[in-house]
Amino acid sequence: MPSPIYYQIPSTTLPPPSPPIHPLLRLELRDLSSPGAQRFLSTPNCGTLLSTCVSSVISHLYTRTCAVPPTRSVTLILRSMPGVAYTTGTDLDADHKEIHFSTDYIAGISEARIEAEICGVVCHEMVHCFQWDARGTAPGGLIEGVADWVRLRCRYVPPHWKREADGEWDAGYQHTGYFLEYLEGRFGEGSVRRVNEKLKGEDYEEERFWEGLFGEGVGRLWEEYGKSMTEESGKDCKERA
Ligand SMILES: [Zn+2]
């Protein structure tokens with residue numbers, strides 16, 4: 001009997017595993033009787049949601065070659081407030097993060113979307129707890145884009161999200177998130193991780209930043225992203241004809 005042939009991917013092509021990160025995770029419910037708090041507690045796996053999100057963020061943005069920001073604890077605070085959610089450091093120490101999530105917003109999510117939307121929002125905010133920001137000099141749109149790119153990668157995509165290349169590359173959120181996904185496809189797995197890693201320790205200078213990473217300015221990359229979408233939709237039309 002011939003011996004089987006085994007194919008092995010050379011270990012050098014595999015990225016090193018992401019570092020184990022175990023911050024203290026806490027949950028604060030300001031009003032347990034609120035419908036939003038009750039709905040949150042009824043969500044399947046709500047007890048492991050925070051730790052799952054930490055693992056997802058770390059595995060998408062880090063290997064062992066780059067230090068992770070020194071976040072020591074994350075507290076999810078569910079409370080009545082306008083808007084959806086935001087992340088901040090505590091008054092005492094920026095290494096302790098708070099994610100504020102609106103119970104009014106949670107109460108208004110449709111039954112069909114409740115689990116994916118809660119996971120998606122917490123995932124987005126958890127990125128802010130563990131991403132680099134060029135010592136505060138990175139464009140806000142890039143920071144928000146990285147957060148929604150991780151959400152996209154975790155498949156918590158809301159129905160209203162769509163790829164679009166009009167406007168500016170750094171308009172933020174899913175607009176920039178899909179652009180980052182294009183870069184990931186074009187320049188290879190780990191491209192967004194490299195974007196985040198480059199935001200560690202040095203101030204953001206647009207030209208140097210993007211040319212250093214991808215050999216082209218971000219304006220050019222954005223244009224090429226737009227062209228790739230036009231070509232794709234042309235192909236789709238031909239296929240449908
Ligand atoms: Zn955000």
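Which domains does the domain assignment of the protein give? The assignment gives domain 1 (18-130) and domain 2 (134-241); such bounds come from an automatic or database domain assignment. This is a predicted model, in which local features need pLDDT of at least 70 and side-chain atom pairs count only at pLDDT 80 or more, while totals for chains, interfaces and linings use all residues. Residues are numbered from 1 along each chain as its sequence is written, and side-chain values use heavy atoms, with hydrogens and water left out.

**View 1. The whole protein.** Nine helices and four strands make up the elements counted here. Helices (H or I, at least four residues) and strands (E, at least two) are DSSP runs, numbered from the N terminus. Their order from the N terminus is β-α-α-β-β-β-α-α-α-α-α-α-α. The C-alpha atoms fill a box of roughly 55 × 55 × 45 Å, taken along the principal axes.

**View 2. Where the two domains touch.** The centres of domain 1 and domain 2, taken over C-alpha atoms, are 24 Å apart. Contact (heavy atoms within 4.5 Å) joins 19 residues of domain 1 to 19 residues of domain 2. The area buried between the domains is about 1600 Å². Carbon and sulfur atoms give 68% of that area. Buried area is the accessible area (1.4 Å probe) that two parts lose on being put together, summed over both. His60, Leu61 and His124 supply 35% of what domain 1 buries against domain 2, more than any other three residues.

View 3. One salt bridge is counted between the domains. Glu117 forms a salt bridge with Arg151, with the closest N and O atoms 2.9 Å apart. The term needs a side-chain nitrogen of Lys or Arg within 4 Å of a carboxyl oxygen of Asp or Glu. On the side of domain 1 that touches domain 2, helix 2 (49-61) and helix 4 (114-130) are the elements giving two or more residues. Helix 4 gives the most, with nine residues.

**View 4. The zinc site.** Three protein donors lie 2.0 to 2.1 Å from the zinc ion: His124 (NE2), His128 (NE2) and Glu144 (OE). Donors are N, O and S atoms within 2.8 Å of the metal (3.2 Å for Na, K and Ca); water is not among the atoms, so sites may look incomplete. Along the chain, the donors follow the spacing H-x3-H-x15-E. His124 and His128 both sit in helix 4, four residues apart, about one turn of the helix.
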